[in-house]
Amino acid sequence: MKVITARKYGPPEVLQLEEWETPSPKKNEIRVKIYNTSVNSADWRIRKPDPNLARLFFGITKLKQPILGGSISGVIDSVGENITKFKIGDKIFGSTGLGMGAYAESICLPESAVITILPKEISFPEGAALPFGSLTALDFIQRCKIQKNQTMVIYGASSSVGTAAIQLAKHFGAKITAVCSKGNFELVKSIGADLVMDYEEFHSDSHNKTYDVVFECVGKSSIPSNLKHLTKGGNLVLVAAPFKDMFKAAWISFTRKINIKFGPIAETIDNLKFLAELTKKGNFKVIIDRSYPLEKMVEAHRYVEAGHKKGNVVIHCAT
Ligand SMILES: NC(=O)c1ccc[n+]([C@@H]2O[C@H](COP(=O)([O-])OP(=O)(O)OC[C@H]3O[C@@H](n4cnc5c(N)ncnc54)[C@H](OP(=O)(O)O)[C@@H]3O)[C@@H](O)[C@H]2O)c1
């Protein structure tokens, strides 16, 4: 099978095509022929790495797992003898988690992985684009316990997390103000934003509105600039807080009793199923910006790392 590996940390050019033997599933594993994966912001951060401290987890001098990629859609083509939940021929989608390994034509996963059946209403590319940003947005939105008619401002609304957050918060009844570049106004309005503003307007002195939830998706604005817009008792979400902001946020939460949500999300099968149901009913649409063949992974990484994708970037793997 074809795989894309990163044999060392570095720029997109460290990614290379290799031929590996197709793996065989263990007793408790399924094997998935991967039709699509996606390139997410986490992937280029791990490849670089950014932050450098990520080496403590992924490998000090080189990646312990050279095959990146955390989202898949595809078809099960082999099952271990203890598998009860899935069968050969099932179309599935989901996350491979921190084990990664999705930049490949095949992968073996335990049946307990965060995967579920891909409904016929969802395409394979959509299935691969769904898990990353949508599971992230859903987890943070659940932690905020959003109520009907609450106001929410989403900073970085055109990102993978942001495009999912708009639709999910809207689903739970929030009134959404989306903050993004002017060029993305139409996109965010088309998926449910009630109001739009660009970054300059958000930071301008004349913008003094407060919101029940301030949802910062991209880690590009400071904690004080967000707190300025938080209603008393509201929730500040820092999806992409760097380590120093996490310490700051924990300190502010503790000393000023402000609700600040940050840190890694919990990916769950229940949430994946929830997203599948919502999509099936036409109440959620994962946004796909571009797609590339597996062989063009270097280009895909360059594009995603540049930081201006709208929603998600998808890769075509096995055919
Ligand atoms: N906590 C967790 O567990 C968790 C999980 C997933 C992701 N994350 C983090 O969440 C962040 C977002 O991930 P993502 O995949 O959704 O990002 P993404 O899709 O790669 O973000 C791209 C978007 O960011 C916008 N952007 C770029 N520069 C900006 C700026 N200066 N101000 C505002 N927006 C700007 C771009 O809009 P323009 O083109 O208009 O600039 C573009 O649409 C990443 O840092 C990721 O590591 C955290």
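The second largest cavity has a volume of about 30 Å³, in what is a predicted model. Domain 1 (2-130 + 286-316) and domain 2 (133-262) both contribute residues to the lining of this second largest cavity, so it lies between them.

**Cavities**
- The structure holds two cavities of 30 Å³ or more, and the largest cavity has a volume of about 60 Å³.
- The lining of the second largest cavity includes Ser 160, Thr 163, Phe 284, Lys 285 and Asn 312, and its largest share, four residues, comes from H5.
- By class, that lining of the second largest cavity has four nonpolar, five polar and one charged residues.
- The largest cavity is lined by residues that include Glu 216, Ile 223, Leu 238 and Asp 245, and its lining divides into five nonpolar, three polar and two charged residues.

**Ligand site**
- Of the 26 residues around the ligand, those that come nearest are Ser 41, Ser 158, Ser 181, His 308 and Lys 309.
- Oxygen atoms of the ligand lie 2.9 Å from a polar backbone atom of Ser 160 and 2.8 Å from a backbone N or O atom of Val 161, while a nitrogen atom of the ligand is 2.8 Å from a polar side-chain atom of Tyr 199.
- The protein covers 85% of the 940 Å² of accessible area that the ligand has on its own.
- The shell around the ligand has 11 nonpolar, 12 polar and three charged residues, and its largest share, three residues, comes from H4.
- Domain 1 and domain 2 both give residues to this shell, so the ligand lies between them.

Note on methods:
Residues are numbered from 1 along each chain as its sequence is written. This is a predicted model: local features need pLDDT of at least 70, side-chain atom pairs count only at pLDDT 80 or more; totals for chains, interfaces and linings use all residues. Side-chain values use heavy atoms; hydrogens and water are left out. A residue is near a molecule or strand if one of its heavy atoms lies within 4 Å of it. A polar contact is a pair of N or O atoms within 3.5 Å; within protein, one must be able to donate a hydrogen and the other to accept it, and residues adjacent in sequence count only if both atoms are side-chain atoms. Accessible areas come from the Shrake-Rupley method with a 1.4 Å probe; for residues, only the protein chains shown count as cover. Helices (H or I, at least four residues) and strands (E, at least two) are DSSP runs, numbered from the N terminus. Ala, Val, Leu, Ile, Met, Phe, Trp, Tyr, Cys and Pro count as nonpolar, Asp, Glu, Lys and Arg as charged, and the others, Gly among them, as polar. Domain bounds come from an automatic or database domain assignment. On a 1 Å grid over the protein atoms alone, a cavity is a set of points where a 1.4 Å probe fits but cannot get out, and a pocket is an open set with protein on both sides within 12 Å along at least five of seven lines; lining residues have an atom within 4 Å of a point. Grid points are joined across faces, edges and corners, and a volume is the space filled by probe spheres set on the points.
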